[in-house]
Amino acid sequence: MDRAQIVHQNFLDRVAAGALPPKGAAAGAGEKAGLAPETAVAIYRAQVLSRALDITSRAMQKAGQGFYTIGSSGHEGMAAVARALRPDDMAFLHYRDAAFQIARADQVPGQRIAWDMLLSFACSSEDPTSGGRHKVLGSKALMIPPQTSTIASHLPKAVGAAYSIGAAKRHAPEHRILPHDGIVMCSFGDASANHSTAQGAINTAAWTSVQSIPLPLLFVCEDNGIGISTKTPKGWIETSMSARPGIKYFKTDGLDLYQAHAVAQEAADYVRRRRKPAFLHLRTVRLYGHAGADVPTTYLSKSEVEADEANDPLLHSVRLLQEAAALSPAGGSEDLYRDLCPRGEDPRRGGDAPASQIRCRGGGQPDPANARL
Ligand SMILES: Cc1ncc(C[n+]2csc(CCOP(=O)(O)OP(=O)(O)O)c2C)c(N)n1
Ligand SMILES: [Mg+2]
């Protein structure tokens with residue numbers, strides 16, 4: 001069975017049995033108190049919609065309606081990072097950051113994020129981000145410059161964008177879109193961090209910071225411990241990044257939406273106030289392998305793959321929302337999942353509508369609030 005189907009079934013079975021994964025480095029009561037229940041639920045909703053879109057992109061590929069299936073499953077903690085930033089903080093995203101983009105879309109009026117992303121999967125000429133050239137995250141309204149999966153290529157651009165905020169204060173440009181108190185965020189994977197382009201950008205940020213030149217840039221490294229089929233050595237990111245001159249290091253658990261939000265908020269506040277770069281090390285897992293055609297059990301043991309699947313961030317979110325009594329009734333988190341992800345990978349299974357019949361309930365303009373995928 002396909003891993004996407006396994007993860008989907010796993011979610012339904014474990015939630016029904018109340019067999020939710022235990023807390024890791026759990027959020028304290030303070031972290032839970034720092035996030036309003038409605039924001040926590042909005043983060044969870046963005047996480048589930050991101051998952052639904054992953055499932056749908058694979059169904060579309062099987063049906064010959066979509067192409068590029070690299071997904072965001074396991075990296076849904078980025079929805080909490082989005083909520084720790086302002087929607088006018090420019091964000092250069094890792095290709096697994098659909099949950100970030102969806103969560104940000106909730107903060108900006110007039111968005112139709114699910115529909116726009118589906119257009120991108122279908123390589124539709126109506127795709128507002130790339131005109132159908134590629135599955136690309138990005139949106140002008142959301143301050144997310146379009147980004148393909150050319151790893152590390154966006155880090156130098158992010159350094160330049162962050163530098164430009166201070167430069168625009170010193171010499172008023174003709175056109176300024178970044179606010180004076182804004183920051184820039186740039187996310188990437190643990191393997192991408194080794195790319196010379198990434199290292200050059202990180203070094204530039206450190207050098208600039210040490211010279212006391214403003215560089216309000218938050219690096220976010222989404223550490224799932226692997227790049228395609230090559231494992232990152234244990235502790236590599238922390239050891240190599242925690243003591244860089246001029247860059248403050250923060251670490252958090254992307255499986256825990258409360259903790260991820262609290263630490264991302266702390267890191268973003270540091271960057272905003274001090275106008276200095278920070279490095280947020282976010283633990284994630286990678287579900288479904290690298291991309292659609294990848295079979296992770298060819299290079300990882302079954303138990304390694306299953307250990308990540310047992311740590312599905314959505315299962316952690318269900319437990320955390322229950323503990324915080326953020327949803328009423330308590331079963332609401334399962335209902336929300338069933339509503340957005342009514343089926344697993346196979347669009348023909350159980351008589352569900354095929355991918356070609358993806359419709360949004362209520363008709364009219366598709367909206368993530370009523371999209372049934
Ligand atoms: C410049 C460049 N070199 C190589 C690749 C091929 N490639 C795609 S993803 C990837 C590994 C990325 O791993 P990581 O940064 O850990 O991100 P993850 O997929 O684990 O989230 C590589 C080498 C690429 N896309 N771009
Ligand atoms: Mg990785």
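Predicted model: local features only at pLDDT ≥ 70, side-chain atom pairs only at ≥ 80, totals over all residues.
Residues are numbered from 1 along each chain as its sequence is written, and chains are lettered from A and ligands numbered from 1 in the order in which they are written.

Five strands form an open sheet in the order E1-E4-E5-E9-E8, with parallel pairing. Strands (E, at least two residues) and helices (H or I, at least four) are DSSP runs numbered from the N terminus, and two strands pair if DSSP finds at least two bridges between them. Strand E1 (90-92) and strand E8 (248-253) are at the edges with a single partner strand each, so one side of each has no neighbour in the sheet. From one strand to the next the twist averages 20 degrees. Three bridges join E1 and E4 in the parallel sense, and phenylalanine 92 lies opposite cysteine 186 in E4. Helix H10 (residues 257-274) packs on the sheet and touches strand E5 (217-223), E8 and strand E9 (278-283). The direction of H10 makes about 165 degrees with that of E8. Axes are lines fitted to C-alpha atoms, for helices over the stretch in contact, and angles run from 0 to 180 degrees between N-to-C directions.

The axes of helix H7 (residues 154-170) and helix H8 (residues 196-210) come within 8 Å and cross at roughly 20 degrees. H7 and H8 are therefore roughly parallel to each other (angles under 35 degrees count as roughly parallel). In H7, Leu155, Pro156, Val159 and Tyr163 meet residues of H8 including Ala201 and Thr204; residues are in contact if their C-beta atoms, placed from the backbone, lie within 7 Å. This contact has seven nonpolar, four polar and no charged residues. Ala, Val, Leu, Ile, Met, Phe, Trp, Tyr, Cys and Pro count as nonpolar, Asp, Glu, Lys and Arg as charged, and the others, Gly among them, as polar.

For helix H3 (residues 37-62) and helix H6 (residues 113-121), the axes come within 10 Å and cross at roughly 25 degrees. That makes H3 roughly parallel to H6. Leu49, Leu53, Thr56, Ser57 and Met60 of H3 make the contact with Ala114, Met117, Leu118 and Phe121 of H6.

Around ligand 1 there are 16 residues, of which Ile151, Gly189, Ala191, Ser192 and Gly227 come nearest; a residue is near a molecule if its C-beta atom, placed from the backbone, lies within 6 Å of it. The shell has five nonpolar, seven polar and four charged residues.

Definitions and conventions: Parallel < 35°, antiparallel > 145°, perpendicular 65-115°, else oblique. Contact = placed C-beta atoms within 7 Å.
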